[in-house]
Amino acid sequence: MANPVRIALVGAGVRGQVWARVIAETPGATLAGIADRDKARARHARDDFAPGALVRRDLASALADANVDADAVVIATPPATHHRLVSRALAHGLHVLCEKPLSEDLDEVVDLIARADAARRHLLVGMNFRYLPSSQRIRRYVLDGHLGALSHAHFTYHRQRDGNRDDLNDYVMSMTHPMLLEQSIHHFDLLRYCYGVEVESLVCDSWRPSWSTYAGDCCVSVLFRFENGVRANYLGTWTAAWNRMEFRWRSDFERGALIQREQFDDLVRVDFERGLGLSGSNFKGADEAEVPVVEPLEPCAPFVDDTRGLLAELLGAVRGELDPETEGGDHLESLLLVQACIESLGTGGWVKLRELRDRFSLAPA
């Protein structure tokens with residue numbers, strides 16, 4: 001059996017705690033060290049999940065310790081720290097998995113991708129929602145063409161996320177675009193990944209309700225045009241006026257629809273009966289329309305099992321067994337959608353992704 005991949009974890013906060021658990025519980029991986037400015041928090045993660053891990057205050061001291069001897073680093077710190085930390089890890093010759101966004105500055109992202117290429121090291125980004133069973137099932141339907149060609153989609157995410165909760169990261173409270181950079185980017189990434197096509201252009205609006213706990217815009221509305229002609233309508237908010245979480249992602253194909261009704265599961269398929277529209281009432285209720293069929297999915301512990309899938313990709317990449325899909329270059333395409341949204345907010349019009357790539361001298365994905 002191959003030696004375990006030794007991983008150093010930077011950041012023992014909300015997300016870092018998940019990483020500590022997943023790394024410690026995964027065969028073939030060893031949590032060699034935990035670095036956090038709050039050493040008590042790092043010790044807490046160590047004591048809970050990996051008693052043998054060394055605790056250090058920062059990445060530099062962890063990498064300088066021969067007892068850590070890491071093969072890879074997982075970075076779970078605020079975005080403003082990512083460029084510095086990823087650069088240091090790559091310079092040390094390590095593979096890196098960094099939580100999203102890789103940076104809020106596109107020039108920094110391009111620089112990190114170039115550094116990883118020069119070092120011949122993998123740079124993965126934590127877009128773990130791709131590994132949800134529901135996401136994998138939607139992607140399979142699209143790529144297999146079982147329901148015919150995709151036409152349009154509607155993605156809604158209503159959440160009353162009170163930023164003052166103790167179990168949430170607080171750095172987002174002062175961001176200009178908290179929803180876009182911290183939440184919507186996951187949804188944009190899912191649309192790209194599951195539909196297997198890039199966005200041609202988009203138009204965006206964002207705003208902040210008066211009762212929001214966030215300083216910046218926490219409501220986002222986007223209309224996407226994909227390169228194959230598919231349209232997707234998106235509405236996401238962290239400041240809803242109902243505390244019930246409401247998630248709904250509907251994809252309409254030639255021969256039916258897929259509807260995900262919960263954030264982590266509850267996916268149903270509708271097999272379209274074209275002739276049904278010629279009889280019965282014009283506005284059919286559930287008793288007259290096609291009956292949705294539940295798509296059987298593997299059980300999933302949210303934020304844990306999907307992180308296991310992401311870690312498995314990192315381990316496979318470090319061992320040379322696979323080429324990871326969630327590398328920096330792919331993540332850049334999702335970040336470009338966020339940048340396009342911000343530019344659309346400034347102009348009030350459509351933004352073409354090709355023109356944005358040309359301006360940043362980027363090749364298409």
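**Notebook: sheet, pocket and cavity**

Entry 1. I began with helix α8 (residues 305–318), which lies across β1, β2 (29–35), β4, β5 (95–98) and β6. Its direction is about 130° to β1. A reminder to myself: this is a predicted model, so I am reading computed geometry throughout.

Entry 2. Next I looked up the sheet under that helix's contacts. In what order do the strands of the open sheet come? I read β3-β2-β1-β4-β5-β6, six strands with parallel pairing. At the edges I found β3 (54–56) and β6 (123–125); each has a single partner strand, so one side of each is left without a neighbour in the sheet. On average, neighbouring strands here are turned by 25° against each other, direction ignored.

Entry 3. Strand β1 (residues 5–10) and strand β4 (residues 72–75) run parallel and are joined by four bridges. Which residue of β4 is the bridge partner of Ala-8? I found Val-73 there.

Entry 4. On to the open space. The largest pocket came out with a volume of about 1,300 Å³. I counted 47 residues in its lining, and the closest to the pocket centre are Val-14, Arg-15, Ala-76, Asn-169 and Tyr-171. Which helix gives the most to this lining? It is α1, with five residues. Helices α1 (14–25), α3 (59–64), α4 (82–91) and α7 (178–195) each supply at least two residues of the pocket lining. Sorted by class, that lining holds 18 nonpolar, twelve polar and 17 charged residues.

Entry 5. How many cavities of 30 Å³ or more does a search of the whole structure find? The search gives one. I noted about 40 Å³ of space in the largest cavity. Its lining is made by Phe-129, Leu-132, His-187, Leu-190, Phe-247, Trp-249, Gln-260 and Gln-263. Both α7 and β11 (246–253) supply at least two residues each to this cavity lining. By class I have five nonpolar, three polar and no charged residues around the cavity, whereas the lining of the largest pocket includes 17 charged ones.

Entry 6. One cross-reference to keep: α7 supplies at least two residues to the lining of the largest pocket, and α7 also supplies at least two to the lining of the largest cavity.

Terms used: Residues numbered from 1 in each chain as written. Predicted model: local features only at pLDDT ≥ 70, side-chain atom pairs only at ≥ 80, totals over all residues. Heavy atoms only, no water. 1 Å grid on protein atoms, 1.4 Å probe; cavity = no way out; pocket = protein on both sides within 12 Å on 5 of 7 lines; lining within 4 Å. Points joined across faces, edges and corners; volume = space filled by probe spheres on them. Nonpolar A, V, L, I, M, F, W, Y, C, P; charged D, E, K, R; others polar. Pairing = 2+ DSSP bridges. Axes fitted to C-alpha atoms, helices over the stretch in contact; angles between N-to-C directions. Contact = heavy atoms within 4.5 Å.
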